[in-house]
Amino acid sequence: MTDPAITDLSKDAAARAATLLVEPGMRLGLGTGSTAAIFVRRLAQRVQDEGFALRCAATSKATTELATSLGLKVEELDDIGWLDLTIDGADELDPDLNLIKGGGAAHLREKIVATASDRMVVIADQGKVVEQLGQFHLPVEVIPFGWQATRTLVTRALDRLDLTQRPVLQRMRDGKPLLTDEGNFILDLALEAIPDAYELADELSSIAGVVEHGLFLNICQLAIIGRPDGSVVELRREDME
Ligand SMILES: O=C(CO)[C@H](O)[C@H](O)COP(=O)(O)O
């Protein structure tokens with residue numbers, strides 16, 4: 001079915017394939033971003049066509065609004081309790097299906113939802129697949145109180161790990177600091193490469209003002225990569241093959 005809101009054929013191919021993983025009655029996590037939004041649109045079409053029930057939890061206010069406007073029932077994660085499956089996009093994914101997320105500033109809720117799910121599946125276009133994470137800036141959500149001290153601690157941690165970096169920037173929107181759905185700030189870490197994502201994740205998580213970083217390690221089980229011709233390739237973690 002044609003939907004004028006869907007213009008990216010690769011993302012749409014991945015999103016359509018992901019809708020086939022959804023079974024009637026499932027408790028489903030809905031991601032955030034342009035690819036996740038296409039999935040929500042395709043899912044809503046399928047639910048409308050086939051008339052089955054789902055329980056959905058969303059990873060952002062934007063996704064809640066979109067899904068609700070399309071007739072999907074969105075509930076609080078705590079009212080559902082646990083999820084069978086979460087489908088979300090990513091900014092980068094490596095061969096182990098470790099991810100960078102948070103380009104849309106939603107990685108805190110995204111990580112809570114993904115880790116409260118039996119399975120997390122990423123949908124993306126080929127441009128997101130990398131050999132090593134780190135070309136995409138790594139988002140780190142920090143609480144506003146003392147955020148500049150937190151930034152200093154983040155910079156020191158990067159120095160300790162010998163990571164090539166440019167100054168850590170606060171993400172802005174319309175000339176003002178961007179506020180996440182939780183009312184926090186985002187720092188973007190412009191690194192050239194992340195040779196040891198687990199080490200960096202541990203360092204960042206140990207800083208008091210850091211709420212959550214955008215490294216999703218060992219969380220995603222399957223990635224569906226869409227191509228412009230409408231075909232998809234599935235990537236599974238090597239240790240799961
Ligand atoms: O992590 C995210 C939002 O916080 C998104 O999933 C990520 O930024 C990918 O977005 P898009 O599908 O628009 O490229």
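Trainee: Which radius of gyration would a compact globule of 241 residues have, and what does the chain have?

Mentor: The radius of gyration is taken over C-alpha atoms, and the globule rule is 2.2 Å times the number of residues to the power 0.38. For 241 residues the rule gives a value near 18 Å, and the chain has 18 Å, which agrees. Along the principal axes, the C-alpha atoms fill a box of roughly 55 × 35 × 35 Å. Please note that this is a predicted model, in which local features need pLDDT of at least 70 and side-chain atom pairs count only at pLDDT 80 or more, while totals for chains, interfaces and linings use all residues. Residues are numbered from 1 along each chain as its sequence is written.

Trainee: How many helices and strands does the secondary structure of the chain come to?

Mentor: Helices (H or I, at least four residues) and strands (E, at least two) are DSSP runs, numbered from the N terminus. The chain comes to seven helices and 15 strands.

Trainee: What percentage of the residues of the chain count as buried?

Mentor: A residue is buried if 20 or more other C-beta atoms lie within 10 Å of its own, exposed if 12 or fewer, and partly exposed in between, with C-beta atoms placed from the backbone. By that count, 46% of the 241 residues are buried. Strand 11 (residues 185-189) is mostly covered, with five of its five residues buried.

Trainee: Which residues of strand 11 are on one side, and which on the other?

Mentor: In a regular strand the side chains alternate between the two faces of the sheet. In strand 11, Phe185, Leu187 and Leu189 are on one side, Ile186 and Asp188 are on the other, and all are buried.

Trainee: In which sense, parallel or antiparallel, do strand 7 and strand 11 pair?

Mentor: Strands of a sheet pair through backbone hydrogen bonds, either parallel or antiparallel. Two strands count as paired if DSSP finds at least two bridges between them. Strand 7 (residues 138-142) pairs with strand 11 in the antiparallel sense over five bridges, and glutamate 141 stands opposite isoleucine 186. Strand 8 (residues 169-170) also pairs with strand 11 in the antiparallel sense, over two bridges; here glutamine 170 has leucine 187 as its bridge partner.

Trainee: Which residues come nearest to the ligand?

Mentor: A residue is near a molecule if its C-beta atom, placed from the backbone, lies within 6 Å of it. Of the 18 residues around the ligand, Gly33, Thr35, Gly89, Gly103 and Gly104 come nearest. Helix 2 (34-50) and helix 5 (107-115) are the elements that give two or more residues to this shell, and helix 2 gives the most, with three.

Trainee: Why does glutamate 110 count as buried?

Mentor: Glutamate 110 counts as buried because it has 32 C-beta neighbours inside 10 Å. This residue is found in helix 5. An unreviewed UniProt entry lists Glu110 for "active site"; UniProt positions are given in the numbering used here, feature names are shortened, and annotations may be inferred rather than shown by experiment.
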